[in-house]
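Trainee: Could you take one part of this model and go through it slowly with me, strand by strand and contact by contact? I would like a connected account that I can follow with the structure open.

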Amino acid sequence: MSDDARWLAASAALAARARPLSRPNPGVGAIVVKQGRVVARGWTQPGGRPHAEAMALKAAGDAANGATLYVSLEPCAHESVRGPSCADLIAASGIARVVADCIDPDPRTAGAGLARIRRAGIAAEHLPSPACERSLSGYLIAKRLGRPEVTLKLALSLDGCIALTNGESQWITGPQARAHTHAMRAQADAILVGGGTLRADSPRLDVRLPGLEGRSPERWVLTHGTAPEGWHALPSPEEIATMAGVQYLFVEGGAGAASAFLAAGLVDRLLIYRAPILLGGRPALADIGLTALAQAHGHWHMTERRQLGSDTLEVYEATPCSPE
């Protein structure tokens, strides 16, 4: 891996600190590097401002002179009531070089940020980085497809069940897997379950990890009826485009909600927590609309596999869709 790619991956890791608190803005990471050494870091602040670049440049101060700025998203080109554009801040900072990954799909920038930096006499490069694309996935899907990124979580037995035949399901997986689920919740803007799960289990759907209790996402239920107090109702998966400002949606179940999102072709990422037990109980999925076995092949590819105590986590990504 080149030095540029390594620093961009590091900026993507920083961006995770902003998610989802930067909503409605994307979570971005920025690193100022000089002579091979990090002199400053920054990430998008809660509420979306200051941006990552502004934070990193402020922390760098005079050390920014002659340095390289690595940023996971193209610096913005538009001013707002809350401050100048990041492109203008960079132009006045003494930075000698900028390396950015994603070109911002926001039409107010869309290449104009890097162009403005070049006009200021600063070398500016666009270097695609899978790590940065992954860190911005919710923002990019929202801009390109007009909906949130959907992650579907399934906690399964070895035989693909999510509960006993009598409905008992707590707990299929162990404490490490459950803690990992809570960490994933903390990165989501909203979390959703089906109406049956809400009525049967009355789930809290909060984040119960020390220090992250305040990161609990909005709670949504898939139902044609009225949502209970403190919840939002989503009539159907196809209505996710109406979830204002939500970039990352975490779907936790049950089988009806999971099947509805899969049947609609709206799942971008699968988290499968597999416990080493056999249940012979309720299956994880109902009919997802397939009429031929060939339709099931080629849609998913594994991106991660790890052990969580006695359980196994498998992460799958859907085959990328072309931007609309």
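Mentor: Start at Tyr70, bearing in mind that this is a predicted model: the bridge partner of Tyr70 in β4 is Val99.

Widening the view, β3 and β4 sit within an open sheet of five strands, whose order is β2-β1-β3-β4-β5 and whose pairing is mixed. At its edges lie β2 (37-43) and β5 (123-126), each of which pairs on one side only. Averaged over the sheet and ignoring direction, neighbouring strands are turned by 15° against each other.

Two helices can then be placed on this sheet. Helix α2, residues 52-60, packs on the sheet and touches β1 (29-34), β2 and β3, and its direction makes about 140° with that of β2. Helix α4, residues 112-119, also packs on the sheet, but its contacts are with β4 and β5, and its direction makes about 155° with that of β5.

Next, look at the loop between α3 (86-91) and β4, where you will find Gly94. Leaving aside residues up to four places away in sequence, Gly94 touches Ala64, Asn65, Gly66 and Ala67. For one of these, Ala64, the C-alpha atom is separated from that of Gly94 by 5.8 Å, although the two residues are 30 apart along the chain.

For a further piece of strand pairing, turn to β12, residues 269-274. Five of the six residues of β12 are buried, so this strand is largely enclosed by the rest of the structure. Strand β6, residues 149-156, runs parallel to β12 and is joined to it by six bridges, and within that pairing Leu156 stands opposite Arg274 of β12. β12 also pairs with strand β15, residues 311-318, here in the antiparallel sense and over six bridges; in this case Arg269 has Glu317 in β15 as its bridge partner.

Technical notes:
Residues are numbered from 1 along each chain as its sequence is written. This is a predicted model: local features need pLDDT of at least 70, side-chain atom pairs count only at pLDDT 80 or more; totals for chains, interfaces and linings use all residues. Side-chain values use heavy atoms; hydrogens and water are left out. Two strands pair if DSSP finds at least two bridges between them. Helices (H or I, at least four residues) and strands (E, at least two) are DSSP runs, numbered from the N terminus. Axes are lines fitted to C-alpha atoms, for helices over the stretch in contact, and angles run from 0 to 180 degrees between N-to-C directions. Contact means heavy atoms within 4.5 Å. Buried means under 20% relative accessible area, exposed over 50%, partly exposed in between (1.4 Å probe, protein chains only).
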